[in-house]
Amino acid sequence: MSLPERLSSLVRGPGSASHPLHHLLATLRANRALATGLAAATALLAAAGLAPLAARTISDYRAWLAVDAGGLPHNFFGYLVNVAMQPFARSDTRAVPAPYASRDASVRALYGAEAYESYLSSTTLPLPARRGPRPDVPRFTAPQRQTTQMAVPYRVSSPSSLSSEVVDDILERQVAFLAAVAAANPGVARRAPSAAEGGYHQALWLADGPGSGEGSGEGKGKGGLVRPRWMGMLRGEFAHPHGEGSAHVVLSLTDAATLIEKGWAERHPLSGVRGFLPWGFVFVYAPRDEDELAVWKDIVLASVRFVATAAAAPGSGKQVIAMPEE
């Protein structure tokens, strides 16, 4: 089994009771066991004269626990898996131009011409620059989350009066939008728990589902779609939100570059790393108001259009998707 496959199994393992790590992970989740294990590890490091390293490890572990859970077990074992993946992670997640620009020919051969098109709607283009500085995103490999500018309650005006109402659950509205998109496009997308997030969050999947043939004509869904080879360990999953309002979305290379340049997103640390995630897998920042939520929705729709086009038969052109009823 390759390293990406091993790490992928660790990421997705906790979601299945039959997984060989299930009972171990259940034990590790117990607070007493975690405290005992961490204390023992700290004592060993201190005894070896590595007290500063132990202190940094504890501090880093606490910071890791503080972010929204997802992808890995939310305990010290999951933290260690995160650390094990760090040598493979990229640090140029906000780089413009994209890190692959110098080897465009090989990337184009893998992703195809459709990846160099924009799938954002005419109402969003030209995409404005996001207001203010980017949020803080800790350099953990997984989970990738923002710790500032998170989705918070905000007020929107009522169309029938001068009063306003508080919108207090952005995540609920995001999840509802994913459900509406899937319902409007059953031959293209389906909604299911995110494998990339270890089942913690809901996601949109290509209609052919995980485990089907990659670019081989096998495993076709209702619309004759075939999962693109470049999807890597995502295996058909292409969009999911997180608890603090951010989201991971697969976009065309053109749209991903535009969002990063305009300050709306950054790449995942494993984006473009062979065998892990595609270059278009980006971390979209949490919407802070109604206007930004509208942009977020169009980003999701752009993802659906792109993935559907990439999974369609060669020469089919851009795929048209039905607009969801909210």
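## Aromatic pairs

Searching the whole structure, a predicted model, turns up 12 aromatic pairs. A pair of aromatic rings is described by the distance of the centres and the angle of the planes. Here, rings of Phe, Tyr and Trp (its six-membered ring) pair if their centres lie within 6.5 Å, and planes under 30 degrees apart count as stacked, over 60 as edge-to-face and the rest as tilted.

Let's start with Y61 and W64, a stacked pair with 6.4 Å from centre to centre and 20° between the planes. These two residues sit three apart in helix α4 (residues 51-66), so about one helical turn separates Y61 from W64. Y61 is buried because its relative accessibility is 5%, and W64 is buried with a relative accessible area of 1%. The cut-offs are these: buried means under 20% relative accessible area, exposed over 50%, and partly exposed in between (1.4 Å probe, protein chains only). F283 and Y285 are edge-to-face, because their ring centres lie 6.0 Å apart and their planes meet at 75°. Both F283 and Y285 are buried. Ring pairs also join Y61, W64, F76 and Y79 into a cluster.

## The chain as a whole

The protein chain holds nine helices and eight strands. Helices (H or I, at least four residues) and strands (E, at least two) are DSSP runs, numbered from the N terminus. Of the 326 residues in the protein chain, 47% are buried. If we take contacts between residues at least 6 apart in sequence, 63% join residues at least 24 apart; contact means heavy atoms within 4.5 Å.

A few handy notes on reading the numbers: residues are numbered from 1 along each chain as its sequence is written, and side-chain values use heavy atoms, with hydrogens and water left out. In this predicted model, local features need pLDDT of at least 70 and side-chain atom pairs count only at pLDDT 80 or more, while totals for chains, interfaces and linings use all residues.

## Helices α7 and α9

Helix α7 (residues 170-184) and helix α9 (residues 290-311) have axes that come within 11 Å and cross at roughly 30°. Axes are lines fitted to C-alpha atoms, for helices over the stretch in contact, and angles run from 0 to 180 degrees between N-to-C directions. The crossing angle makes α7 roughly parallel to α9; angles under 35 degrees count as roughly parallel, over 145 as roughly antiparallel, 65 to 115 as roughly perpendicular and the rest as oblique.

On the α7 side, the contact is made by I170, R173, Q174, F177, L178 and V181, and α9 brings E290, L293, W296, K297, V300, L301 and V304. The residues of this contact comprise nine nonpolar, one polar and three charged.

## Residues in the loops

S121 belongs to the loop between α6 (104-111) and β1 (154-157). With 16% relative accessibility, S121 counts as buried. Setting aside neighbours within four places in sequence, S121 is in contact with D298 and R305.

G275 is in the loop between β7 (265-267) and β8 (281-284), and G232 is in the loop between β4 (202-206) and β5 (237-241). G275 counts as partly exposed at 42% relative accessibility, and G232 is partly exposed with a relative accessible area of 24%. Although G232 and G275 are 43 residues apart along the chain, their C-alpha atoms are separated by 5.5 Å. M233 is 42 residues from G275 in sequence and 6.8 Å away in space, C-alpha to C-alpha.

Notes
Nonpolar A, V, L, I, M, F, W, Y, C, P; charged D, E, K, R; others polar.
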